[in-house]
Amino acid sequence: MIISRSLITGAIALSCFAMQAKSAPLSPKAKQWLKDEFHQSTLTKQQQEQELLWFQEAAKPYKGMTINVVSETIDTHTYESKKLAKAFYDITGIKIVHDLIGEGDVIEKLQTQFQTGRNIYDMYVNDSDLIGTHSRQNYVIPLSDFMKGEGKDVTLPTLDLKDFIGLSFTTGPDGKVYQLPDQQFANLYWFRYDWFNRKDLKKKFKAKYGYELGVPVNWSAYEDIADFFTNEVKEIDGKKVYGHMDYGKKDPSLGWRFTDAWLSMAGTGSKGIPNGLPVDEWGIRVDQCRPVGSTVARGGAVNAPASVYALTKYIDWLKQYAPPEALGMTFSEAGPVPSQGQVAQQIFWYTAFTRASLKKGLPVVNKDGSPKWRMAPSPHGPYWEKGMKLGYQDAGSWTMLKSTPSKRRKAAWLYAQFSVSKTVSLTKFLEGLTPIRESDLKSPVVTKLAPKLGGLVEFYRSPARTLWTPTGINVPDYPRLSQLWWQNISQAISGEKTPQAAMDGLGKQMDKILGRLERMGMKQCAPKLASKPKGADYWFKQPGSPKPKLANEKPKGKTVPYDKLVKSWQETAH
Amino acid sequence: MRIGRQLILGIYFLFIMLPIYWLVNMSFKTNEEIVSGLTLWPTSWTWEHYERIFTDPSWYMGYINSLQYVTINTLISLTLALPAAYAFSRYRFMGDKHLFFWLLTNRMAPPAVFLLPFFQLYSELKLFDTVWAVAIAHTLFNIPICVWILEGAISSIPKELDEMASLDGYSFPGFFTKVLIPQIRSGIGVAAFFCFMFSWVELLLARTLTSVNAKPIAAIMTRTKGAAGTDWGMLASAGTLTIIPGLIIIWFVRHHIAKGFALGRV
């Protein structure tokens, strides 16, 4: 009886669906978009049509609404704002204002909405570095819950969450997905492939340092290569060259340089992917999921020898090997410098600059449009061990707030999914070079394009990729804690404080904020500072981070030929 | 002696014009040229940045929004400040001096302290993201300075004028609009100029009280700085265009400003 009833219900549902499908074919405008814009996709045309048809139908209750979303300004988002928002309107009738503002302003708006509970934007593209903040506060809707409950009818059946390469970055300590990745870029090692292959330079390098010139595996080799180009080679084709590039202006962007990955590259923190556990690359120790301190005295590592070493090397290299103007530059001023043709290598280079470094006519681009440079995994410092993160990945991700009215956030969710759907994601990748889906990376279109992108595709296809991760869940309040970094670090750059004193000061201030957060209370995993810290001696005797000072911080340099590196990736990928 | 003076003036002029020249110069260069080295004038001349600003509504609407709230603010500030300044100048009442001073203290508080209260208030009044929110918020800072300037201007006019106008048969509103305002137009010019200057360059409140529909140009300009570098050319072009309304205002009120400054209150 029950079976027959469910059979009848099923049959009715099926016939309704068939009727609906018959009564509402894909609109001609949507078909036009498929033909003109989204013709490159990992889906077949028929699958694309089905996906768009789903959007067309699911959006019906929200037709005529105007939805405001916001993101920072990079090529990917500009494409979304100009093209995808328009396509979405033509397909669904929901008008999208995809606002583009500076990243700092996005955070400011987000915080204003947190604090006042008043809706400013219906959804935000916010870096996943805030995952620790979002999962502890009560402002953000966990998408896992939303997709199962309130937003079930507006969740794309073909969203395929497992296909997202950055999903672990946006997952909270409770295992729930809080944000949906929309664009990703990494920070990698960048070098002049053409110079590194010059026989005269290779010979000269080997004679002086005793090993081959190649992609540095450790910081010792990076330092040697920096010294080689700045002090030995000095000039190439009549132009002054430098073996290093960085930035050092007292500016908030100086903080990213450190909190993104620098300490973990040196070897601060514990093993663990995406972030070290119990101690992460910010030097914050957690017990279960509760932060217990960042200074060594509390089991943290922000002022541990590895961190002090990281800061010291950063300052030394900046002053000794980089162009003199680098000291007064910010992140965005320093970014385009390597593509001006005077820099041989850069240890901390953001792939967001890929597109800008491939423009024809630049000194680092061949006449046929192929790059004279390559990107490769960054070298690691002496404290680094296998199993630790090695670099940073920025994952701008769709974030939904509780203070947004239900109907508005549902409509915004439709657009967010559209912007990452398989129908459009490959085209979006080709525009902005910020991959989010495994399926796109594996597509033949991307294979064909790979040689023109200087190693971007090879890196993203390699198993090494998983070691490049954003800030994780140990950081309970990103905006409050991150602003301490640049202020303390700049004191070490100017010489006001020694690197050790600067990191001690930073650790004290971080612990103070953790204490304040503990008193304030958080939804889950609030900090819990011990009333009596166990002291540095105790912690240095424990295995793992914080690690005691190494007797020799400059082991022998080690390099690897770039072509061999790429080949090893290709072998492991297949 | 005269040549020496001209030389000093010339150097001074060069000194103050150099940043503006550099801004305009950069606005006609491509980004590649800007970051690749020092060129005194554009070698690869381009209009692309201006073209983008004038064809993309998400850019040019910023100018329209800013001009709207600046105009509304100047009108509200002057309309409210004129009678207040007259009262402070002509009447003695209890606490007048304290009240006058209190008005000025509003300007002593940094705009940042009003951010969240204003945001809450204007959201409640459904004015958030409208030009009215910014215009009204700016009056908090502009009315005091207007009252201060206009009080000085009115006080410089003998009180006998009021009485003569009354004898001539002017009603009070008639006297105010036909006799008093023409007499103090220099002061009004200066006051309007200050309202414009404050409102046009103020970013903090204007940015917080708007999101998409009434966003000021200064907030839009922040988008030139992103994770993939700074769009220097766009920033310079947008910056050059923000100078123009100020130049126009100064051109119109330049004679009044000279006289207004001579009144001594500013």
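How many residues of chain B are in contact with chain A, and how many residues of chain A do they meet? In this predicted model, 27 residues of chain B are in contact with 28 residues of chain A, and the area buried between the two chains is about 2,400 Å².

**Chain B as a whole**

- Chain B has 266 residues, of which 48% count as buried, and its secondary structure comes to 13 helices and 2 strands.
- Among the contacts in chain B that have a separation of 6 or more, 74% are accounted for by residues 24 or more positions apart.

**The interface between chain B and chain A**

- Carbon and sulfur atoms give 53% of the area buried between chain B and chain A, and Val212(B), Arg223(B) and Ala227(B) supply 23% of the area that chain B buries against chain A, which is more than any other three residues.
- The interface of chain B and chain A holds 6 salt bridges, whereas the count over all chains comes to 34.
- One salt bridge between the chains joins Glu124(B) to Arg118(A), with the closest N and O atoms 2.8 Å apart.
- Another links the side chains of Asp56(B) and Lys82(A) at 3.1 Å, N to O, and this pair crosses from the loop between helix H3 (48-55) and helix H4 (57-90) of chain B to helix H4 (residues 75-92) of chain A.
- The two partners of that pair fall into separate accessibility classes, because Asp56(B) has a relative accessible area of 12% and is buried, while Lys82(A), at 39% relative accessibility, counts as partly exposed.

**Salt bridges within chain A**

- The side chains of Glu49(A) and Lys45(A) meet in a salt bridge of 3.9 Å, N to O, and the two residues are separated by about one helical turn because they are 4 residues apart in helix H3 (residues 45-58) of chain A.
- Of this pair, Lys45(A) is exposed, with a relative accessible area of 54%, and Glu49(A) counts as partly exposed at 23% relative accessibility.
- Asp194(A) forms a salt bridge with Arg192(A), in which the closest N and O atoms are 2.9 Å apart; Asp194(A) counts as partly exposed at 25% relative accessibility, but Arg192(A) counts as buried at 3%.
- Glu80(A), Asp182(A) and Lys428(A) are joined into one network by salt bridges that share partners.

- Val215(A) has its place in strand S5 (residues 215-216) of chain A and is buried, with a relative accessible area of 2%.
- Leaving aside neighbours within four places in sequence, the contacts of Val215(A) include Tyr189(A), Phe191(A), Ala376(A), Pro377(A) and Tyr562(A), and the C-alpha atoms of Val215(A) and Gln345(A), which are 130 residues apart along the chain, are separated by 9.5 Å.
- His77(A), placed in helix H4 of chain A, is buried with a relative accessible area of 0%, and, not counting residues up to four places away in sequence, His77(A) touches several residues, among them His98(A), Leu100(A), Val125(A) and Asp182(A).

**Backbone features of chain A**

- A cis peptide bond with omega of about 5° joins Leu277(A) and Pro278(A), and Pro278(A) has its place in the loop between helix H11 (252-266) and strand S8 (285-287).
- The peptide bond from Ser545(A) to Pro546(A) is also cis, with omega near 0°, and Pro546(A) lies in the loop between helix H21 (536-541) and strand S13 (559-560).
- Asp160(A), a residue other than glycine, has a positive phi near 55°; Asp160(A) lies in the loop between helix H7 (143-148) and strand S4 (180-192) and counts as partly exposed at 33% relative accessibility.
- Lys234(A) likewise has a positive phi, of about 60°, although it is not a glycine; Lys234(A) lies in the loop between helix H10 (219-233) and strand S6 (235-236) and is partly exposed, with a relative accessible area of 45%.

Note on methods:
Residues numbered from 1 in each chain as written. Chains lettered and ligands numbered in written order. Predicted model: local features only at pLDDT ≥ 70, side-chain atom pairs only at ≥ 80, totals over all residues. Heavy atoms only, no water. Buried < 20%, exposed > 50% of the residue type's maximum accessible area, 1.4 Å probe, protein only. Contact = heavy atoms within 4.5 Å. Salt bridge = Lys/Arg side-chain N within 4 Å of Asp/Glu carboxyl O. Buried area = accessible area lost by both parts, 1.4 Å probe.
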